[in-house]
Amino acid sequence: MADFKSLPGFREFYPEDRAVLDHLFKVWRQACRRYGFREWESPVLEPLELFTEKSGEEIVRQLFNFEDKGGRQVSLRPEMTPSLARMVGARANGMAKPIRWFAIGENYRYEKPQKGRLRAFYQLNADLLGEAGPTADAELMALCADCLLGFGLTSNDFRIRISDRTLWFRYLEGQGVPEPKIAGVLNVVDKLERGSPEELLKAMNLAIQDTACDAVKLLEAARRFAAINSIADLEKLAAGDAPMMARLEDWRQLLSTVEALGFRDCVTIDLTIVRGLAYYTGFVFEAFETGGDARALAGGGRYDTLVKKMGGPDLPAVGFGMGDVTVRDLLQSKNLIPTYADGPEFYVMILGPEARATALADVAALRRAGFRVEYNFRDGKFGKLIQTAENIGASYALIYGGEEVAKGETKVRCLRERVEGMVPRADLVPALRAVREEGIKAILP
RNA sequence: GUGGAUGUAGCUCAGUUGGUUAGAGCAUCGGUUUGUGGUACCGAGGGUCGGGGGUUCAAGUCCCCUCAUUCACCCCA
């Protein structure tokens with residue numbers, strides 16, 4: 001078997017694992033549908049340029065890319081947003097706005113696997129296109145929260161940290177950073193929490209090369225700004241700065257919408273979040289677990305220029321992604337994964353060759369009626385078969401022996417309660433529907 | 001991409017200073033004299049000890065390489 005191991009960073013899902021994945025998808029899908037989002041899908045394999053176009057050549061190191069037999073440079077998708085931008089862009093003119101779309105798909109990144117990061121992972125993507133106002137951002141944050149609350153998590157288990165690249169741009173302009181350099185400075189800001197002082201200074205110096213700025217002072221200013229966590233403090237700082245004040249109005253609208261929707265407990269202002277990606281243009285947010293590891297569960301933000309950059313119309317957009325790996329870990333640690341039970345509802349025990357044809361006819365009828373039914377392929381002894389029914393997790397055993405077949409009846413035994421009753425074969429389907437609803441007592445005298 | 005730790009049955013692990021044919025528990029399958037089960041008893045299958053090379057009369061055990069897992073860094077759409 002050693003020669004056929006699965007590739008590093010790729011997971012195999014045995015039925016009990018696949019059931020967990022199904023649970024994640026189900027909760028996500030339900031939440032998205034409640035918000036009026038429609039599901040879409042795109043190819044797993046795409047032209048390499050689709051991804052380098054948006055993120056630059058350096059992204060190739062993280063891409064699962066290769067040359068196909070036709071000599072095309074291709075890559076497994078590392079994310080779905082470029083495909084979304086292409087699809088929406090192609091038909092946006094004819095679509096009713098705002099567009100609410102979600103997708104659940106497997107994505108691939110060529111990285112060294114470690115905890116919470118694999119080479120293949122599933123991700124929920126939800127995007128809202130065609131609405132530029134902060135109410136759309138609020139809607140996405142609410143959906144993001146509901147995609148976590150739907151598992152039984154509470155607002156104490158995670159927090160959505162909201163930040164704003166627009167605000168950062170205004171602030172850094174005010175600090176004298178020329179516009180083309182701001183994105184680079186924000187990349188340094190992104191590392192404020194993790195980097196050592198020397199590394200940060202070095203990175204900042206690089207980012208403000210050929211400008212009049214002072215790296216030490218700018219780092220200090222960035223730290224001060226990042227530490228702000230209330231609208232009131234932002235107002236003090238923005239006094240007299242008209243664009244900044246205007247942006248704060250957007251903030252107030254965002255937060256009041258989030259509050260009106262009932263999610264104020266789930267969000268917090270945290271300007272340390274800037275997101276590494278340059279295509280974000282306004283509000284950005286990340287959901288973190290509040291427990292020990294504080295790992296990121298989801299991330300997103302506004303990307304108003306991307307669709308146009310991908311060749312589509314000028315279409316404002318906001319979206320987020322949520323991965324299956326960290327969510328699964330969190331749910332496991334909180335004991336919020338439902339127990340895996342998918343044994344058959346009915347196990348048909350065929351006790352001898354004379355009963356087989358009769359039993360199989362009923363098996364088929366029950367299956368047509370929508371019941372989950374299994375039966376023994378080879379005739380067996382009673383004790384063995386009832387043990388099998390128990391072991392595979394069946395709820396009820398249906399017993400077909402000489403006695404039952406002769407009387408035209410089926411014996412139904414509840415494995416859990418260890419009681420049994422007789423049902424005429426002619427009434428089997430309606431009788432078992434009653435049993436499914438009310439339990440074995442439905443057919444007891 | 002860099003560094004540390006770890007690889008023995010499906011799972012959890014034993015395995016003496018190197019010493020016969022590598023073990024246990026759980027799980028799986030079969031049985032305990034042919035219609036009532038979660039316990040008990042008996043039995044079976046299942047391992048090139050991650051892979052390759054070396055040292056030795058002898059390697060699961062010591063050495064080298066490699067692969068994988070895992071943790072940290074880098075990165076994180």
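Predicted model: local features only at pLDDT ≥ 70, side-chain atom pairs only at ≥ 80, totals over all residues.
## Overall form

Chain A holds 16 helices and 16 strands. Its radius of gyration is 29 Å, well over the 22 Å that the globule rule gives for 445 residues, so the chain is more spread out than a compact globule. Along the principal axes, the C-alpha atoms fill a box of roughly 100 × 55 × 50 Å.

Of the 445 residues, 48% count as buried. The accessible surface comes to about 22300 Å². Carbon and sulfur atoms make up 50% of that surface. Among contacts in chain A with a separation of 6 or more, 67% are between residues 24 or more positions apart.

In soluble globular proteins, nonpolar side chains tend to be buried together. Here, the largest nonpolar core has 80 residues. Those with the most contacts inside it are Ile162, Trp168, Trp251, Phe320 and Met322. Helix H4 (residues 134-149) gives the most to this core, with ten residues. A second, separate core has 25 residues, including Leu63, Met80, Leu84 and Trp101.

Met322 can be followed in detail. Neighbours within four places in sequence are left aside here. Met322 is then in contact with Trp28, Tyr122, Gln123, Leu124, Cys144, Cys147, Leu148, Leu297, Ala298 and Val327.

## Helix H13 and its cover

Helix H13 covers residues 353-368. At 1.5 Å a residue, its 16 residues should span 22 Å. The end C-alpha atoms are 23 Å apart, which agrees with that expectation. After H13 comes Gly370, with a positive phi near 100 degrees.

The buried residues of H13 are Ala355, Arg356, Thr358, Ala359, Asp362, Val363 and Leu366. Both strands and helices cover them. The strands include E12 (346-350), E13 (373-375), E14 (396-400) and E15 (409-414). The helices include H15 (402-407) and H16 (428-438).

## Strands E14, E15 and E16

E15 pairs with E14 and with E16. E14 and E15 run antiparallel and are joined by four bridges. In this pairing, Ile399 has Lys411 of E15 as its bridge partner. E15 and E16 (residues 419-424) also run antiparallel, with six bridges between them. There, Cys414 is bridged to Val419 of E16.

The hairpin of E15 and E16 has four residues between the strands. Arg418 lies in this loop. Its phi is positive, about 60 degrees, although Arg418 is not a glycine. Arg418 counts as exposed, at 65% relative accessibility.

## Backbone exceptions elsewhere

Most residues other than glycine have a negative phi, and most peptide bonds are trans. Asp210 has a positive phi, near 65 degrees, and is not a glycine. Asp210 sits in the loop between helix H7 (197-207) and helix H8 (215-226). Is Asp210 buried or exposed? Asp210 is exposed, with a relative accessible area of 76%.

A cis peptide bond joins Lys97 and Pro98. Its omega is about -5 degrees. Pro98 is placed in the loop between helix H3 (81-91) and strand E5 (99-108).

Key
Residues numbered from 1 in each chain as written. Chains lettered and ligands numbered in written order. Heavy atoms only, no water. Helix = DSSP H or I, 4+ residues; strand = E, 2+ residues; numbered from the N terminus. Expected span 1.5 Å × (residues − 1). Buried < 20%, exposed > 50% of the residue type's maximum accessible area, 1.4 Å probe, protein only. Contact = heavy atoms within 4.5 Å. Pairing = 2+ DSSP bridges. Rg over C-alpha atoms; globule rule 2.2 N^0.38 Å. Areas by Shrake-Rupley, 256 points an atom, 1.4 Å probe, with all protein chains shown as cover. Core = buried A, V, L, I, M, F, W, Y, C linked by side-chain atoms within 4.5 Å.
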